[in-house]
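Colleague: I would like to learn how to read charged side chains in a protein model, and I would be glad if you took me through some cases slowly.

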Amino acid sequence: MIHLERVSADHEDFQQLITLLDKDLWSRYPDTQQFFDVHNKVSLDAKAVVAYVDGKPVGCGCYRETRDEQTVEIKRMFVKETARGKGIAQSIVRELEKWAVEEGKQQALLETGTNQPEAISLYKKLGYEQIANYDPYIGSEESVCMGKELA
């Protein structure tokens with residue numbers, strides 16, 4: 001059974017999971033990750049979710065507000081390889097969207113990469129559509145930006 005917990009961005013389990021995420025991203029994008037790394041820092045005001053299975057942290061995600069007060073950007077999505085294919089990422093995204101709506105947000109944006117087809121598939125399944133790359137991903141051939149209107 002999946003248990004989701006809303007946590008602060010400095011929560012120990014969230015921090016451990018994003019360390020694993022960064023390792024995964026470096027393996028997928030060895031030539032360009034240094035460019036993206038600077039944009040992956042999580043500020044303490046980000047809203048984070050950690051997924052647990054049998055009391056162990058297996059996945060995470062967060063969102064941060066954008067310059068537009070009605071829009072959030074989903075960041076730092078990750079599920080441990082051993083826990084993939086069980087709907088955990090979907091649950092995390094839905095919880096982040098629910099939280100954003102509770103805070104009056106109307107739109108969610110995100111950026112993923114061309115070497116993450118499973119992420120692109122997941123986001124499409126959840127109703128995200130590809131949009132023009134937004135700053136700082138403008139001109140990046142490896143970036144895929146997506147957006148969704150929240151209910």
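Colleague: Which residues are linked in a network of salt bridges?

Modeller: A salt bridge is counted where a side-chain nitrogen of Lys or Arg comes within 4 Å of a carboxyl oxygen of Asp or Glu. In this predicted model, such a network links Arg6, Glu95 and Glu102. Because Glu95 lies in helix α3 (residues 88-102) and Arg6 in strand β1 (residues 2-8), the pair ties together parts that are 89 residues apart in sequence.

Colleague: Is Glu95 buried or exposed, and how does Arg6 count?

Modeller: Buried means under 20% relative accessible area, and exposed means over 50%, with partly exposed in between. Glu95 has a relative accessible area of 16%, so Glu95 is buried, whereas Arg6, at 32% relative accessibility, counts as partly exposed.

Colleague: How many salt bridges does the count come to by this rule, and which residue forms a salt bridge with Asp22?

Modeller: The count comes to 7 salt bridges. One of them joins Asp22 to Arg76, with the closest N and O atoms 2.7 Å apart. Since Asp22 belongs to helix α1 and Arg76 to strand β4 (residues 71-79), this pair ties together parts that are 54 residues apart in sequence. Both Asp22 and Arg76 are buried.

Colleague: Where do Lys47 and Glu103 lie, the pair that links distant parts of the chain?

Modeller: The side chains of Lys47 and Glu103 meet in a salt bridge, at 3.6 Å from N to O. Lys47 is in strand β2 (residues 47-53), while Glu103 sits in the loop between α3 and β5 (107-113), and the two are 56 residues apart. Lys47 is partly exposed, with a relative accessible area of 24%, and Glu103 counts as partly exposed at 32% relative accessibility.

Colleague: What is the nearest side chain of opposite charge to Asp13, and how far away is it?

Modeller: To read such a case, one compares the distance with the 4 Å cut-off for a salt bridge. Asp13 has its place in helix α1 (residues 12-28), and the nearest side chain of opposite charge, Lys80, is 8.3 Å away. Asp13 is therefore without a salt bridge, since the rule asks for a distance within 4 Å, and yet Asp13 is buried.

Colleague: With which residues is Asp13 in contact, leaving aside its neighbours within four places in sequence?

Modeller: With those neighbours left aside, Asp13 is in contact with Val50, Tyr52 and Pro57.

Terms used:
Residues numbered from 1 in each chain as written. Predicted model: local features only at pLDDT ≥ 70, side-chain atom pairs only at ≥ 80, totals over all residues. Heavy atoms only, no water. Helix = DSSP H or I, 4+ residues; strand = E, 2+ residues; numbered from the N terminus. Buried < 20%, exposed > 50% of the residue type's maximum accessible area, 1.4 Å probe, protein only. Lys, Arg positive; Asp, Glu negative; His and termini not counted. Contact = heavy atoms within 4.5 Å.
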